[in-house]
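In this notebook I record what I looked up about salt bridges in one structure. The entries follow the pairs one by one.

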Amino acid sequence: MYILNGQGAEVLNSDRVERFCIAAKEDAALIVASYDNVRPAVTVARYKDVKEAKDALHSLFNAISEGQGSFVMPDSLLYWAEKQIKDARTKRKGGS
């Protein structure tokens with residue numbers, strides 16, 4: 001099965017991947033593809049937290065087990081979250 005990574009910039013062949021893992025970092029959770037001892041792991045997608053990464057990994061597992069030909073990694077809340085300005089500036093509501 002072919003997998004389009006989270007950024008949409010790379011296609012992975014799951015037949016050559018030994019395992020998919022979740023790597024928890026301070027600011028995000030990564031789904032990585034581990035090949036073997038010689039080749040380093042490749043980041044497949046980046047998610048906001050471990051729960052979101054687990055949901056995406058379950059979707060990937062279901063696609064592999066059902067024998068789908070291709071799979072696109074789900075979008076992350078990390079990139080879709082609304083950015084809020086947290087400083088002393090006030091928001092103007094019209095007028096002069």
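**Salt bridges, pair by pair**

Entry 1. I began with helix 1 (residues 50-65), where K51 and D55 both lie, four residues apart, which is about one turn of the helix. I note that the model is a predicted one. I then looked up the contact itself: K51 forms a salt bridge with D55, and the closest N and O atoms are 3.3 Å apart. That separation meets the cut-off of within 4 Å.

Entry 2. D55 has a relative accessible area of 43% and is partly exposed.

Entry 3. I turned next to D27 and R46, whose side chains meet in a salt bridge at 2.8 Å, N to O. This pair links distant parts of the chain, 19 residues apart. D27 is in the loop between strand 3 (19-24) and strand 4 (29-34), while R46 belongs to strand 5 (residues 42-47). For R46 I found a relative accessible area of 33%, so this residue is partly exposed.

Entry 4. Which residue forms a salt bridge with R19? I found E18 as the partner, with the closest N and O atoms 2.6 Å apart. R19 is partly exposed at 43% relative accessibility, and E18 is partly exposed at 49%.

Notes
Residues are numbered from 1 along each chain as its sequence is written. This is a predicted model: local features need pLDDT of at least 70, side-chain atom pairs count only at pLDDT 80 or more; totals for chains, interfaces and linings use all residues. Side-chain values use heavy atoms; hydrogens and water are left out. Buried means under 20% relative accessible area, exposed over 50%, partly exposed in between (1.4 Å probe, protein chains only). Helices (H or I, at least four residues) and strands (E, at least two) are DSSP runs, numbered from the N terminus.
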